[in-house]
Protein chains: 2
Amino acid sequence: MPSQMLTDYLQKRKKLIADDRALRVDHVRANYTAAELKADEVVRAIRAREAESVWGVEREDVPHPYPGMEFLNAKDIILETDLYSKIVSKMPKGGLLHVHQNASVEARALLDLALAHPAIHIRVPGPFNASSRETVLPDIQPIPAERYPAADAVGITDASYTGGWVPIKKAQELFDPALGGPAGFDKWVLSSFVINPSDAFRTYNTPMKIWLKFGSTFAVTDPIIRFVPIQKEYLRSFVRSSIKDGISYIEVRTNFFTKHILAEDAKTKVGLRELLLIFQEVTNEIKAELKAEGREDEFAGLKIIYNTLRIVSPEVLEAELDQCARFKQEFPDLIAGKFHGFYWSHGEESKPLIYYAEPLLHFAEQHPDIPFLFHAGETLGDGTAADMNLYDAILLGTKRIGHGFSLIKHPKLMEICREKKIAIEVCPISNEVLRLTSSMPMHPLPVIMNQGIPVVLSSDDPASFNSMGLSFDFFQVLVASEVTGLLTLGQMARDSITYSMLDERSKQEAMEAWERRWDKFIEEVAGMNP
Amino acid sequence: MPSQMLTDYLQKRKKLIADDRALRVDHVRANYTAAELKADEVVRAIRAREAESVWGVEREDVPHPYPGMEFLNAKDIILETDLYSKIVSKMPKGGLLHVHQNASVEARALLDLALAHPAIHIRVPGPFNASSRETVLPDIQPIPAERYPAADAVGITDASYTGGWVPIKKAQELFDPALGGPAGFDKWVLSSFVINPSDAFRTYNTPMKIWLKFGSTFAVTDPIIRFVPIQKEYLRSFVRSSIKDGISYIEVRTNFFTKHILAEDAKTKVGLRELLLIFQEVTNEIKAELKAEGREDEFAGLKIIYNTLRIVSPEVLEAELDQCARFKQEFPDLIAGKFHGFYWSHGEESKPLIYYAEPLLHFAEQHPDIPFLFHAGETLGDGTAADMNLYDAILLGTKRIGHGFSLIKHPKLMEICREKKIAIEVCPISNEVLRLTSSMPMHPLPVIMNQGIPVVLSSDDPASFNSMGLSFDFFQVLVASEVTGLLTLGQMARDSITYSMLDERSKQEAMEAWERRWDKFIEEVAGMNP
């Protein structure tokens, strides 16, 4: 029997732990159902079992595996777990609030869209050979019919190839068998669409260098996507695959920096209003489809966050802000807010928010209906421009903070975020692949959560990281902590609806729909044999 | 001219930044001298210049260098910088409060001690060849004269070698020239004394695996050190090299788990009281030396933190605590406190503090004069046993926390540490080499500092990390932040005296001596051309 001294000690200890965790979103809520508590236990048991049976086993393909390890190396292992396949992938995720439209569809699916369209062509700077694979990026674009090459044009690996356009399908078919033939072609092209393990862990293994590769993935894929017929299919694919992953609402950051997309003829430039119409059309179409199938609960809709790049002058920014306001007037439901996007080349060279303080302050005064949703603090810096952006994001009245990776260094800003309920869009896999953290156990998420700051998990650029949906991000968070459990993930999903830019009525409907799906999910998990 | 709107904004911004940093040790102090402010500027200018001229340059030996990068790869670059050679290495550091005695002398110096003593012998499990280099650990021990091998015994690389003891000097001389001869011998032995880059970044590149290698360095060196004549020289070397690095006071964690050391005859086991006498003798000897040279300001003394391993039973711990109390009675000035040491094999398998709550509570009640100085939170875990140790360390009344790496996840505990002035012994390079963080910019130190929690920088096991002194740790901290400057390092040095276990009078003397040296140092830096 423990002594009185020890009994007292254990009492004090219990109270201290409770005090320490009192601000956490999963501790604030007290009225968990019996089924929720049971489901949480089941998930903890599965996690504990697989920490040994899956992550505790040395393997040839992945040295030293452990829960929360670098995603690009872990992905195949994650897919083998019950925790992923039976739990996390089935969970209703709520809203996806931080995702960039031009990195939202799996590389393979985008390549298939490109291969299926006759206007899409490819070129490289001369005959492609074995040594090109590591160094040459494909130039892939839609070109107008009158510029199609002659029917007998050679493939890009042919010794007589001189650098002209080749239909992508043909380039694939004629790809030198010595380089792997069509499969070799796909492998090379796909490796230019995504960040590969060798990029993240060898060639570009620092937070500065990895942006060289990251930027190049957009340079390769943007011209394919910004073409009306592919744009439409790309968006369909993004929304459908998101719904399949349990995401029921999307706020997608769309880049308005480039002022046109290409029409079906691959020649005519159409303005970005056309792009908004495509978003509206695809969203309505998918909502109608789901309604017809009695699946309305699965999708509450999609909004756009207007995004430009932090390389423009303050004057150009004013023009951008005007365009955003005009679009908001014409498409009030579609535009969620103004995201003052950024451009990060070689480290942190984009302009800091303070550079745009004047036009942003004016805009906030004139358009209180269009909230700011800034990126800020996506950095390892302490007192650097990207870190200091946190002060400006908050002073300028941001509704949420994109990333906020360095927020934990700022006690006063954390207090403000907690009090004003400024949610942090935490992007675990993005942060890790882009080398802000080397693994999930090193990620600052627990610090933010324990300070009582609302968190929404986001995927950022899932196509670049090969981390489609939200399941992988939820998984990495779940395995990297003994405190976090299924109920924590559930609260984060709720918060992704609470802190969305949906109007109050739609928000309530989306929440009710989510709760119905959550109850069903919890019942299934609670009934599982761990 | 800025608008009124912008002027107001900049005003608010300035206040917010000041509020956010209000708790920092370098902001709390207001009365910096003009020379201090000038010196801080000089250091910031040198750091900014070298961020480009040194760290911004690609090099063949170190791919992608950057300030605060992994120490084992960065060391040669650090040594090339003015920031290191002209500033940080010259700075008076104050106290070294967290260092393990058996990893306190540079590997090369220890090997030289071993080579110089005729009793030290080496053996390996059979003829040593090229393939052994990667897999075989040397067994090096003092042996008594009657067991010395015959004068014509062969070397360990000889085909006829059968695994017996060979004098280490002879083994070095006879080492196969094809394996590099004597230099090859040294290289192999030294690589078993330290963690090499290939260990940290390849073979054992996770927080769990690296402890296999870390543990093996102690297994190899402990038998050499725990031998009276070498022990004495080892301690002299540690204290002298520390003083040379600007350290003026030491609290050294000494392991009392093994109950004896070997006497000069390499046969007789002497008790640990003998070890304490050696500490006393060497400390007094060096103090006398310095006094004779008019250099009293450079060394305030050394204390021992009694350390055992967290693998014993609570009953054995009680006996340990008794021994600690007896030693404290006999050597009141020498014993600084009771460090309830830990043993971390393969991750986090040592016993948690809560396992020993009962004897520790009793001891605290009976011996209020012997403070606890616990290791706690040296982990990436969130809610794991090592993380939970933070609750117990604080509830049991620890005066400082060793590592506290996971403290930032605990808002209530941070509040307690701030209010009760529980200093955190932060070991930057140790944390990084042992893979809790991948680089200094990822380290949680700024979070702890900005919360107003006292910090003392420490080297932990400098021999294992090849990071002798405190200069490297100070350097890594200085280059990884734009907020931290020379005055921040100065405040941390002051805190290392404030939070030492010196009695009040000695503390005041040590502080005054430090201030004299600081003023002189500041004057020199302020006069430099950045």
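Polar contacts between the chains came first. I counted 25 residue pairs in polar contact between chain A and chain B, with both residues of each pair at pLDDT 80 or more. I keep in mind that the model is predicted.

I then asked which elements of chain A supply at least two residues each to the side that touches chain B. The list reads α1 (4-20), α10 (197-203), α15 (357-366), α16 (385-395), α17 (411-420) and α19 (445-450). Of these, α1(A) gives the most, with 10 residues.

I sorted the side of chain A that touches chain B by class and got 29 nonpolar, 14 polar and 16 charged residues.

Next I looked up the salt bridges. There are four between chain A and chain B. One that I noted is formed by the side chains of Arg13(A) and Asp392(B), at 2.7 Å from N to O.

For the extent of the interface, I noted that 59 residues of chain A are in contact with 59 residues of chain B. The buried area between the two chains comes to about 5,400 Å². Carbon and sulfur atoms give 65% of that area.

Seven residues from domain 1 of chain A and 11 residues from domain 2 of chain A take part in the contact.

How much area is buried between domain 1 and domain 2 of chain A? I have about 890 Å² in the notes, and carbon and sulfur atoms give 54% of this area. On the domain 1 side, Leu23(A), Arg24(A) and Val25(A) supply 62% of the area buried against domain 2, more than any other three residues.

The rule finds zero salt bridges between domain 1 and domain 2 of chain A. Three residue pairs are in polar contact there, both residues at pLDDT 80 or more. By class, the side of domain 1 that touches domain 2 has two nonpolar, no polar and five charged residues.

Between chain A and chain B I have four salt bridges, whereas between domain 1 and domain 2 of chain A I have zero.

Methods:
Residues numbered from 1 in each chain as written. Chains lettered and ligands numbered in written order. Predicted model: local features only at pLDDT ≥ 70, side-chain atom pairs only at ≥ 80, totals over all residues. Heavy atoms only, no water. Contact = heavy atoms within 4.5 Å. Buried area = accessible area lost by both parts, 1.4 Å probe. Polar contact = N/O pair within 3.5 Å; in protein donor to acceptor, adjacent residues only side chain to side chain. Helix = DSSP H or I, 4+ residues; strand = E, 2+ residues; numbered from the N terminus. Nonpolar A, V, L, I, M, F, W, Y, C, P; charged D, E, K, R; others polar.
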